[in-house]
Every structure is written in C-alpha cells, then in structure tokens.
Amino acid sequence: MTDHAEQAEPAEPAERRRAKPGAAARPRLASAAPVPGAPELGIPEAGVPETVAPEPAAPRPLGESRRWPRSFADRLTSPLPGVRALARLAREGRLRPPLESLREIPELPFEPGPLPLTGPGETALTWAGHASWVLRTGGLTVLTDPVWARRILGTPARVTPVGVRWEDLPPVDAVVISHNHFDHLDAPTVRRLPTATPVFVPAGLARWFRARGFTRVTELDWWEAAELPGADGPVRFDFVPAHHWSKRTLTDTCRSLWGGWVITAPDGQRVYFAGDTGYGHWFQQIGRRYPGIDVALLPIGAYEPRWMLSGVHTDPEQAVRAHRDLGARVLAPMHWSTFLLSAEPPLEPLHRIRAAWEATGRPREELWDLPVGASRVLE
C-alpha cells in the first residue's frame with residue numbers, strides 16, 4: 001500500500017558533511033513556465049535563501065559499516081494509510097484500471113533495440129521498464145532499481161516485457177536502489193548480479209544485501225555521497241530526499257530510508273533518478289544543490305486514486321512541475337507502462353505527460369517519452 005496525505009515537512013538529517021563537490025557545478029538552465037493547474041508546493045529550505053546552493057557533501061568511504069536509527073518514520077512527509085483509508089479503498093474498489101481500459105495494453109510502446117555505443121564523455125540511457133534504467137556514464141554501466149522479473153509480490157504480471165534482455169547487458173559496474181518496495185528491489189533480479197557488484201543503497205538497507213553475500217555495499221543518508229572510479233574518472237553518487245516511504249515485511253515499516261540519486265560523470269554530465277516519490281519541496285532543494293541536471297528520470301504513473309496516492313506518487317502534471325523545480329533540461333518519464341499498480345488507464349500517463357509538457361512551451365525534443373527498450377544519448 002502506498003498512500004499518504006500531506007503533512008508538515010521533516011527536519012533534514014543531523015549528520016551531514018560538506019566540502020567541494022566532486023565535479024564542477026555548471027550553470028542552471030532556465031526554468032520552464034508553470035504548469036497550468038499544478039499546486040504551488042515548493043517550500044524553501046528553512047534558513048537557506050532561495051539563491052544560495054549549499055555545497056554537496058564530501059564523498060564518504062565505500063562500503064563502510066554504519067549505525068542507523070531504528071526507524072526513519074520522522075522523515076515521512078505524509079502519514080501512512082490507516083484502517084479508514086484501507087476500508088475506503090476496499091469499498092470503492094479502485095486499485096486497478098477499469099476493465100474496459102485494459103484493451104489499451106497492446107498499444108503500450110515497446111521498442112527494444114541494441115544498447116548504444118558510448119565513448120569518453122558520453123552518457124546514454126536505456127529504459128528497461130518501470131524504474132529500471134541502464135545508465136552508461138563516465139565509463140560505468142549503472143542499473144537503477146533493477147527489476148527483470150515477470151511478476152512481483154502482490155501485483156499482476158508485467159504488461160510489457162523487459163526492454164533489455166539480461167544476457168545483452170554489458171558487465172554491470174554499479175547498482176543504485178531507491179527504496180525497498182518490491183517493484184524497486186527485486187530479489188530474483190538481485191540474485192543474478194555478481195556479489196562483488198558495487199551497490200549504493202539508502203540508510204538501513206545494506207544489511208539486506210550483505211545477508212545475500214554482497215561485499216561492496218555503500219549505504220547513505222540524504223545529502224550524502226560516494227564516488228566510484230570509472231574509465232573517465234570518478235563517478236559521483238549523491239543520495240537525495242524523496243516524498244515516499246519504505247516497507248517490505250509486516251514488521252519493517254520505515255526501518256530503511258528512501259530517496260533518489262544524482263549521478264554525476266567526471267565531465268559534469270548529471271542524471272537525476274527520482275526513484276519513487278510524490279510531489280513536494282524536495283525538488284527545489286535538489287535543484288539548488290545540484291545545478292545543471294541534464295536528465296531527470298521522473299515517475300508519472302501509479303497515481304490513482306489521488307486521495308490515497310498523492311503523497312507518494314507524482315501524477316504526470318506534477319512530474320512536469322518537478323522537472324521545472326529541478327532546473328533540469330530533459331525529462332524522461334518512468335514508472336508506468338510496466339506494472340499496473342493503480343487505477344488509471346494504462347495509456348493515460350503518456351497522454352497527460354505530453355499535454356502537460358506542451359503546455360509549458362518547452363522544446364518537444366527535451367521530453368524523452370521513450371518506449372520500453374528505447375535509448376537516448378546525451379549530446
């Protein structure tokens with residue numbers, strides 16, 4: 001269950017180290033025009049003027065063992081669903097798309113192709129489906145929230161195949177995980193990875209990987225970073241906040257953190273992977289701290305009913321708004337067209353993101369509404 005309603009924002013983590021960022025910051029691109037009808041929810045960080053960008057943290061050591069609080073529930077920006085919410089959901093029966101809309105499934109875009117060749121200073125992205133991307137940057141191949149399984153716990157089977165066959169992947173140099181929900185952390189897929197693969201995870205999640213034999217696990221708090229050597233130099237991984245939550249069993253609610261990743265190549269090319277998130281003030285703060293985001297990978301699906309999911313899942317219009325808050329150049333939608341997790345019709349996210357983007361007046365080529373399996377290379 002992934003519902004919350006709005007509440008006051010949490011305090012930032014106490015532990016934060018600051019120093020010069022690993023890559024030179026580049027000027028932010030101009031913000032887009034406001035999205036019609038989007039809520040004004042951007043809240044400046046307390047005590048930090050809008051024009052001031054706090055310096056990113058100094059990289060932490062790879063693989064260090066750390067102690068964390070028993071719970072991260074104080075980081076929630078929306079309350080978890082209670083008995084009344086679950087009863088209303090059962091009464092309304094709106095957790096899956098209308099039956100008549102399922103005829104749209106064959107129209108979902110699926111165009112797998114070969115992974116693009118990349119050279120020094122190039123960044124390429126391939127959408128494998130849902131929140132799984134193959135990111136090639138700084139000489140590294142990075143997987144985000146890899147889910148290659150046909151079915152995940154509690155959810156109907158995927159409606160589009162995985163966009164990249166596992167056997168077609170180059171050697172995986174790193175994996176980043178946004179949080180522990182089953183549609184973002186898939187144990188059968190993880191078992192396919194060599195246990196020496198470097199893995200970057202939220203605070204409190206390293207134990208899960210180490211119990212499965214992984215030996216190079218780095219867990220980070222919000223606003224912390226680590227670096228991994230690549231063919232072109234060190235690639236930086238910054239863990240940033242998200243409006244979401246975590247749960248994998250009946251007893252581990254919010255026992256590990258959740259968030260997104262800002263991945264910066266040695267030449268400064270920068271990709272923001274949001275993971276899973278609702279809309280809120282964190283996007284403006286991320287944009288200030290990490291200027292010059294080239295591509296923002298933002299979720300646009302699993303948003304209906306809004307009374308239940310607005311706190312944890314952006315709808316397409318909010319994703320466009322978040323892109324503007326971030327000051328990013330390109331928006332690449334994700335978290336749709338793979339698993340039918342909620343009540344909107346399968347193709348609705350695509351229609352709405354295109355309409356919301358057009359309303360901003362931004363260049364059409366800066367919306368990368370890719371079919372599952374398709375790729376783009378940053379120019």
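Which residue forms a salt bridge with Arg-60, and how far apart are the closest N and O atoms? The partner is Glu-64, and the closest N and O atoms are 2.6 Å apart. A salt bridge is a side-chain nitrogen of Lys or Arg within 4 Å of a carboxyl oxygen of Asp or Glu. Both Arg-60 and Glu-64 are buried. Buried means under 20% relative accessible area, exposed means over 50%, and partly exposed lies in between (1.4 Å probe, protein chains only).

The model is predicted: local features need pLDDT of at least 70, side-chain atom pairs count only at pLDDT 80 or more, and totals for chains, interfaces and linings use all residues. Residues are numbered from 1 along each chain as its sequence is written, and side-chain values use heavy atoms, with hydrogens and water left out.

The protein chain has 7 helices and 13 strands. Helices (H or I, at least four residues) and strands (E, at least two) are DSSP runs, numbered from the N terminus. The chain holds 379 residues, and buried residues make up 60% of them. Contacts were also sorted by separation in sequence, where contact means heavy atoms within 4.5 Å. Among contacts between residues at least 6 apart in sequence, 74% join residues at least 24 apart.

The strands were examined next. Strands of a sheet pair through backbone hydrogen bonds, either parallel or antiparallel. Here, two strands pair if DSSP finds at least two bridges between them. Strand β1 (residues 124–129) pairs with β13 in the antiparallel sense, over 3 bridges. Leu-125 has Arg-376 in β13 as its bridge partner.

Another open sheet has 6 strands in the order β7-β8-β9-β10-β11-β12, again with mixed pairing. Its edges are β7 and β12 (330–334). Each of these has a single partner strand, so one side of each lacks a neighbour in the sheet. The twist averages 20° from one strand to the next. Strands β10 (residues 270–273) and β11 (residues 295–299) run parallel and are joined by 3 bridges. Val-271 has Val-295 in β11 as its bridge partner.

Aromatic side chains were then searched. The whole structure holds 14 aromatic pairs. Rings of Phe, Tyr and Trp (its six-membered ring) pair if their centres lie within 6.5 Å; planes under 30 degrees apart count as stacked, over 60 as edge-to-face and the rest as tilted. The ring centres of Trp-222 and Trp-258 are 6.4 Å apart and the planes stand at 80°, so this pair is edge-to-face. Trp-222 lies in the loop between β6 (217–220) and β7 (224–230), and Trp-258 in the loop between β8 (233–240) and β9 (260–264), so the pair ties together parts that are 36 residues apart in sequence. Trp-222 is buried, at a relative accessible area of 0%. Trp-258 is also buried, at 0% relative accessibility. One aromatic cluster is formed by Trp-222, Trp-223, Trp-258, Trp-282 and Tyr-290.

Charges also sit over rings. The criterion is NZ of Lys or CZ of Arg within 6 Å of the ring centre and within 35 degrees of the ring normal. Arg-75 lies over the face of Trp-222, at 4.9 Å from the ring centre. The charged end of Arg-212 sits over the ring of Trp-208, 3.8 Å from its centre.

Side chains of opposite charge can pair when their charged atoms come close. In total, the search finds 18 salt bridges in the whole structure. One of them joins Asp-315 and Arg-352, with the closest N and O atoms 3.7 Å apart. Asp-315 lies in the loop between α5 (306–309) and α6 (316–326), and Arg-352 in helix α7 (residues 348–360), so the pair ties together parts that are 37 residues apart in sequence. Asp-315 is buried at 10% relative accessibility, whereas Arg-352 is partly exposed at 23%. Asp-325 forms a salt bridge with Arg-324, the closest N and O atoms being 3.6 Å apart. Asp-325 is buried at 5%, and Arg-324 is buried at 15%. Salt bridges that share partners join Arg-306, Asp-315, Glu-317, Glu-348 and Arg-352 into one network.

Terms used. Axes fitted to C-alpha atoms, helices over the stretch in contact; angles between N-to-C directions.
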